[in-house]
Amino acid sequence: MTGRKGPGKVCDVKRLLSAFLIAALLLAGGLAPPAGAHPMSTSAVLLDIGDDRVEGEVQLPIDRLAVAVDRDLTRGSVLGADRTFLRKYTAEHISAVGDDDRPWPVTLGTGSVRTIDRTPHLVYPFEIRPSGGRVTTFALRYDVIVEELLTHRVIVTVRYDFDRGILGTNDAETLGIFDYTTKSLRVPAGEGSWLRGFATTAGLGIEHIGEGTDHLLFLLMLLIPAPLVAAGGRWRTAASARRAVGRVVHVVTAFAAGHSLTLALAAAGVIDLPSRPVETLIAVSIAVSAVHAIRPLVAHGEVLIAGGFGLVHGLAFASLIGDLGLDRGSLVTSLLGFNLGIELTQLLVVALMMPSLLLLSRTAVYPAFRTGVAVIGLVFSISWILERATLTSSDPFAGIQAWLVGHPLLVAMTVAALAVVARRTVPRAP
Amino acid sequence: MSPVTSARRSRQARVRRAVVALAVCTGLGVTGCAAVASTGSSAAAAMTTRKAPPAKVASGAGGANTAKVVAAADAFLATLSDEQKDTVLHDFDDATKKTGWSNFPTPVVQRNGLKLGDLTDSQQAAALKVMEAALSKQGYEELVEIRKADDYLASLPGAGNGRVNFGSEWYYISFFGAPSRTGQFTVQYGGHHAAYNITYAGSNVSISPTLTAVEPMAFDWEEKFYAPLKDKRTATIGAVQALTETELASAEIDGSFDDLLLGPGHDGPFPERPEGVLVSDLTKKQQAKVTAMLKAWVDDLDEKAAARLLAKYVSEYGKTYIGWSGGTTLDNPQTYVRLDGPSAWIEFSNQPGAETDGVHQHTIFRDETADYGWE
């Protein structure tokens, strides 16, 4: 299992959220884990399905294990005096059998003690090697603790299976529960295809740029001046629509090239930057592009800004790769899928906004519109810069931003309506 | 006025018009969205039809005071708004009947129906009248005392660590199937440490599954002393301790139990082979102790039906077993006692203290032939 990247705090919050999600799912499914007044005292089995092996982990609540083996166990003793006995006991009660009835060897790793839901658990990593070399559907047989403590339950979760589109804790799939009547579960594997994983990563890319207000705002700031040409330190209407479209293509391509490069490098571990300065730089990138939208900073500045700051945005996408658990195996496919999702979303934004902007840019309201939107972008970005540099504790515009991002069609339709109305009632720009 | 300024004025006017148009567009867009959202939620709140299927009652013992319960239920329903009725009434076979009860406090398991704490005083009184009608005097007292125990827990500093809700307001009531003297319907009442599923089908009634539990075993509340479930504790420990050494040895159930085997969310399967000693093999005195144990649960139900059911369960002693695991004393947190007959099923499980020191109990009563009523 590879370690997860990303800042600790974000990771913890996400893990907590996913824990809540899993709990909610279990409850909804009527598989209520005994939690609440008591701390959770179920066991857990987590599975990561790979191509040639299954890795995983068993989490055994120490107080329940003590009842099952009829020994006084403590945090210390499970790794000390009782270590050999417990390892043997656990190993004896886990096995795997392939579809052809051939046993698959299960190897337990070194035990450790971890507090999960406020209860100390003995945790063993394990590895299952398929008899035929490739992982196919198999039966997992398990009755640790539950062979003796008949009211105990063991929740089995598939944490990773790329070919079935399960990539991280967010989409972890509860496979079932071992209890006093269920001691064998069928683990589906080798039934999906890499396309499924690819589609899922693309979906994640779409979702994450779709929710990333800062990335979208940056793109919007670059698109606003795209139909114009800089002349003498001011924006003027481009001579032809064709030329304007060409400039949009340049901007989008430069942004895509920039963030793809750093996304690949960071995901491959070539570069590794802390996330806070990256986030702050992204906010700065929006400020710069907003200023540029008001007054051109340099000729063809938007292409330079798109490419240069695109490198920074790529670093932020890369930190998501770790958070989403895309960094286990199949990295190239994951990266391609994730990036494809990002590009598709960008093209969608361009497709939604650009016709209206092109139309508007040829009317006299455009300077006012462009300046207005750029000023809003500038205000948002300054607020982000302050928040991300920890100068302020919260962002007062978070609510508005969430609403705007949550209603993309409404925003696009409003701009389109404005463009149509302006085109009919306002004279063309000089 | 020069033609230039006139042209500029008219352009300014047009720009102004455009801005107004934009504002109107945005406004319409926002209103449209809000309208869509509200349509969605009102559609979700639409009433569903509720049917009470005719019951094939083979295993009923009769004697149910159905008319009295229906009258109390109708009186309670009459105090409710349409929206509240929609929340409290479900189809008889609604799947939430089996998932919406537990020994755990909310929100660990969300309950069905209306929360007593959300009702007016008169509505709450009417709701409790339904339970009072369904239960015997001792059964209803126990229900009230389990709620008081939760008030007591809520009063403890740091109770539940803010993660769970304690207190007598967190109990719920709901109906599955419309209350009727002839059709089948279930009254479901519950919250932390309480879950009553009482199903009526004409003259028959089933109290299966009903979970009664309490923490702590004894407490003072508002200058009074309470010990809910005392009868169940005394009778169960009495029955198991009446067994001889040899009987105890053969009555031991395989495995350990840290909670109810057929508790919330686990409606089966009932074990294929009953474990323990056969009750009909015991002496008269010992059998009387087992009957006292059975009575502690069955007698929670209204007196007449309870007497009929008890007679039926006692008549099945030739196929009824009593067994134990972990321990047979009240202070042992591992103590687990089970009665397993062709119909009756009782589990008594000691629990280590969760919010207080000392053990507390989870118990369940089921009737294997009438779990949640009849097919």
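**Labels and their grounds**

Modeller: To begin with, A354(B) is partly exposed, as 16 other C-beta atoms lie within 10 Å. Bear in mind that this is a predicted model.

Colleague: Why is A354(B) called partly exposed?

Modeller: A residue is buried at 20 or more other C-beta atoms within 10 Å and exposed at 12 or fewer. A354(B) has 16, so the label in between applies. The residue sits in the loop between β13 (344–351) and β14 (360–367) of chain B. Its C-alpha atom is 9.0 Å from that of G160(B), and 194 residues separate the two along the chain.

Colleague: What makes S361(A) buried?

Modeller: The cut-off for buried is 20 or more. S361(A) has 24 C-beta neighbours inside 10 Å, and therefore counts as buried. The residue belongs to helix α9 (residues 331–361) of chain A.

Colleague: Which residues is S361(A) in contact with, leaving aside neighbours within four places in sequence?

Modeller: Those are P227(A), L228(A), T237(A) and Y366(A). A contact requires C-beta atoms within 7 Å. I224(A) lies 137 residues from S361(A) along the chain, and their C-alpha atoms are separated by 8.7 Å.

Colleague: What makes strand β9 (residues 154–161) of chain A largely enclosed?

Modeller: Seven of the eight residues of β9(A) are buried, so the strand is largely enclosed by the rest of the structure.

Colleague: How do you know that β9(A) pairs with strand β1 (residues 43–49) of chain A?

Modeller: Pairing needs at least two bridges between the strands. β1(A) and β9(A) have seven, in the parallel sense. D48(A), for instance, stands opposite Y160(A) in β9(A). β9(A) also pairs with strand β10 (residues 173–178) of chain A, in the antiparallel sense and over five bridges. There, V154(A) has F178(A) in β10(A) as its bridge partner.

Colleague: Why are β4 (103–104) and β11 (184–187) of chain A said to stand at the edges?

Modeller: The sheet in question is open, with four strands in the order β4-β3-β8-β11 (chain A) and antiparallel pairing. β4 and β11 each have a single partner strand, so one side of each is left without a neighbour in the sheet. For β11(A), the link to strand β8 (residues 138–142) of chain A consists of four bridges, and the two run antiparallel. In that pair, L140(A) has L185(A) in β11(A) as its bridge partner.

Colleague: Why are helix α2 (residues 66–78) of chain B and α5(B) called roughly antiparallel?

Modeller: Their axes come within 8 Å and cross at roughly 175°. Angles over 145 degrees count as roughly antiparallel, so α2(B) is given that label relative to α5(B).

Colleague: Which residues touch the most other members of the largest nonpolar core?

Modeller: That core has 133 residues, and V45(A), V69(B), V130(B), A134(B), L294(B), L301(B) and I322(B) touch the most other members. Helix α5 (residues 121–134) of chain B gives the most to this core, with seven residues. Apart from it lies another core, of 59 residues, with L320(A), M353(A), A419(A) and V426(A) among them. In soluble globular proteins, nonpolar side chains tend to be buried together.

Colleague: How many helices and strands do the two chains have?

Modeller: Chain A has twelve helices and 13 strands, and chain B has ten helices and 14 strands. Buried residues make up 42% of the 430 residues in chain A, and 46% of the 375 residues in chain B.

Notes: Residues are numbered from 1 along each chain as its sequence is written. Chains are lettered from A and ligands numbered from 1 in the order in which they are written. This is a predicted model: local features need pLDDT of at least 70, side-chain atom pairs count only at pLDDT 80 or more; totals for chains, interfaces and linings use all residues. A nonpolar core is a set of buried Ala, Val, Leu, Ile, Met, Phe, Trp, Tyr and Cys residues joined through C-beta atoms within 7 Å. Two residues are in contact if their C-beta atoms, placed from the backbone, lie within 7 Å. Axes are lines fitted to C-alpha atoms, for helices over the stretch in contact, and angles run from 0 to 180 degrees between N-to-C directions. Angles under 35 degrees count as roughly parallel, over 145 as roughly antiparallel, 65 to 115 as roughly perpendicular and the rest as oblique.
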